[in-house]
Amino acid sequence: MAIDPTTASAAEIARAVNDGALSAVEVIEQALLTIRMRDPVLNCFTAVTAQRAGARARAIDQDRSNNKRLGPLAGVPFAVKNLFDVEGLATLAGSKINRTRAPATRDAALIERLESAGAILVGALNMGEYAYDFTGENIHAGPSRNPHDVSRMTGGSSGGSGGAVAGRLVPLALASDTNGSIRVPASLCGLFGLKPTYGRLTRARTFPFVASLDHLGPLARTTEDLALAYDAMQGPDPEDPACAIRPTEPVAPLLGRGIEGLTIAVAGGYFRAGAGPEAFVAVDRVAAALGANQDIEIPEAARARAAAYVITATEGAALHLDRLRTQAHDFDSAVRDRLIAGAMVPAALVAKAQIFRRWYRARVLELFERVDAILAPATPCTAPAIGQTTFWLDGKELPVRANLGIYTQPISFIGLPVVAVPIGLAPLPIGVQIIAAPWREDVALRIAYALERMGIAVAPTPPT
Amino acid sequence: MARTRKRRPKAKAARAKAAPRTRARKTPRAGHKAAKPKSSTAPSSDPLDGFIEAAARLLALPLEPQWHAAVKANLEVNLRLAAFVAEFALPDEAEPAPVFTA
């Protein structure tokens, strides 16, 4: 076997399968074995689609033996947060309530697109209930565990996605990000995560949370893998009303262009307060490597985070109102109480938040006339302990569940594309956000790739 | 049209008039009774406690006494953050973003 598929990147696996150095069946058998061995501890998977994966792997190997051209992700095992529809499975969205849903009759659109590129779905992943979570804990399925220290959180709500990729169960996972649920687990698990521009990737056949804030995207251990997955998933889709009618703009061929000519600034003010020192050490390390010595103020970021919080609480409550009325006891109580409170916020205040949202978007877009990218912490700290309910930030004791996303919320609030890159601090990694203008994923990914080549941003190997 | 309306049986007209209210009452589900919030504590001087009880009743949301404190704590955060946003002065012409585009 030319490479070890349990440690190789998605790009390496696809190259080996395309070249015939590795069969897709070998890759999938090894991936399924690794899941069987490690997942009892990491608790990332809620379903393993072994039969389906085996059939798909055999079909890819057959295609190769028939000299058919294979896709750019040929033979790459991947898994999805369990809010993605997977044919034959109930779409849980981290809940007990959804266990009684009828099995999905068709895969989510992004699964179909990745499989069209040759990737192979191996299962569905644990997540915070209904995605209203930053911890990666789940009262029904148990917490997903951080492979770098299994007593610690993965971050949420895409906790299983973070743990599965960091724990080398799969090289690639899909996740959702409403307020930070890709970037928070990327930070706590030491991974690369891409939250694309709002409307860039179709959300068709996934369980929603906050329609005007929901994004989908990949988590991986390299920038190249993010780019390959992103390129395979782009394109309009009339089944998602928010999905932009915009042609595919491949980014993988652009990664090697480097950072020359890019103006990169560091977010000041709100983004330089309220965190542990490790968050700022990571940002400073990235800024120094990139020569980013300009600070920039994202105006009214605290208010943006507040508005995102209010819109999330109220739109989330609207989504679940009937379930709250009829099945309140079947929710995680922490989620239920937040949703009930969200239902009680006066509509006039929500309208104010939406008015502010447009104003804030216009001000932030003005910044991108001066800079190409902005650096900011991804989380205020490294992974908290599982079960930890509060932490101290800036002298205040705050709930972990609501506050791990203080730096991600003001960014997703206006749909900007972000790549979270891992900085391997000891003893635990932490992430830095590379924020770009709408539709400029290429800029954020080029910077991430440059940092990776410099050895600054690297997904650390967890202890075995 | 006027004649048609006159010919409508009284009972049918009454049902038609009542239809919107009937639909509203059926939410969330036929057969589901709106929860009657139980008083969670002794009478409180905090108007938020009364607001929560009333809102739960109006929204047909169950609110068990032991949930009240957590709901209140969450609502206090929501209202504090919402007020922080609302106090930011913007012109009357400022448009909301009901259909958000990046």
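Leu73(A) lies in the loop between helix H3 (50–65) and strand E2 of chain A, where helices (H or I, at least four residues) and strands (E, at least two) are DSSP runs numbered from the N terminus. The model is a predicted one, in which local features need pLDDT of at least 70 and side-chain atom pairs count only at pLDDT 80 or more, while totals for chains, interfaces and linings use all residues. Residues are numbered from 1 along each chain as its sequence is written, and chains are lettered from A and ligands numbered from 1 in the order in which they are written.

Leaving aside neighbours within four places in sequence, Leu73(A) is in contact with Ala10(A), Ala14(A), Leu114(A), Ala117(A), Gly118(A), Ala119(A), Leu228(A) and Ala232(A), contact being defined as C-beta atoms, placed from the backbone, that lie within 7 Å. The C-alpha atoms of Leu73(A) and Ala229(A) are separated by 7.8 Å, although the two residues are 156 residues apart along the chain.

## The sheet of chain A

In chain A, 11 strands form an open sheet of mixed pairing, in the order E1-E3-E2-E6-E8-E7-E14-E15-E11-E9-E10; two strands are taken to pair if DSSP finds at least two bridges between them. Strand E1 (45–48) and strand E10 (294–296) of chain A are the edge strands, each pairing on one side only. On average, and with direction ignored, neighbouring strands of this sheet are turned by 30° against each other.

Within this sheet, six bridges join strand E6 (residues 172–177) of chain A to E8(A), and the two run antiparallel; Asp177(A) stands opposite His215(A) in E8(A). Strand E8 (residues 215–220) of chain A also pairs with strand E7 (residues 192–195) of chain A, in the antiparallel sense and over two bridges. Phe192(A) has Ala220(A) as its bridge partner in E8(A), and Gly193(A) has Leu219(A) in E8(A) as its bridge partner. Six of the six residues of E8(A) are buried, so E8(A) is largely enclosed by the rest of the structure.

## Two crossing helices

Two packed helices are described by the angle between their axes and the distance between the axes. For helix H9 (residues 301–327) and helix H11 (residues 347–367) of chain A, the axes come within 9 Å and cross at roughly 135°, which makes H9(A) oblique to H11(A). Axes here are lines fitted to C-alpha atoms, for helices over the stretch in contact, and angles run from 0 to 180 degrees between N-to-C directions; those under 35 degrees count as roughly parallel, over 145 as roughly antiparallel, 65 to 115 as roughly perpendicular and the rest as oblique.

The residues of H9(A) that meet H11(A) are Arg303(A), Ala304(A), Ala307(A), Val310(A), Ile311(A) and Thr314(A), and in H11(A) they meet Leu349(A), Val350(A), Ala353(A), Gln354(A), Phe356(A), Arg357(A) and Tyr360(A). By class, this contact has nine nonpolar, two polar and two charged residues, where Ala, Val, Leu, Ile, Met, Phe, Trp, Tyr, Cys and Pro count as nonpolar, Asp, Glu, Lys and Arg as charged, and the others, Gly among them, as polar.

Chain B has four helices and zero strands, and its pattern along the sequence reads α-α-α-α. Of its 102 residues, 19% count as buried.

Between the chains, 38 residues of chain A are in contact with 32 residues of chain B. H9, helix H10 (333–343) and H11 of chain A each supply at least two residues of the side of chain A that touches chain B, and the residues of that side divide into 22 nonpolar, seven polar and nine charged.

## Backbone details in the loops

A cis peptide bond, with omega about 10°, joins Gly156(A) and Ser157(A), and Ser157(A) is found in the loop between strand E5 (149–153) and helix H5 (159–166) of chain A. Another cis peptide bond joins Ala426(A) and Pro427(A), with omega about 0°; Pro427(A) has its place in the loop between strand E14 (418–423) and strand E15 (430–436) of chain A.

Ala93(A), a residue other than glycine, has a positive phi near 50°, and its place is in the loop between strand E2 (77–81) and helix H4 (109–116) of chain A. Tyr130(A) has a positive phi of about 50° although it is not a glycine, and Tyr130(A) is buried, with 26 other C-beta atoms within 10 Å.

Key
Contact = placed C-beta atoms within 7 Å. Buried ≥ 20, exposed ≤ 12 C-beta atoms within 10 Å, placed from the backbone.
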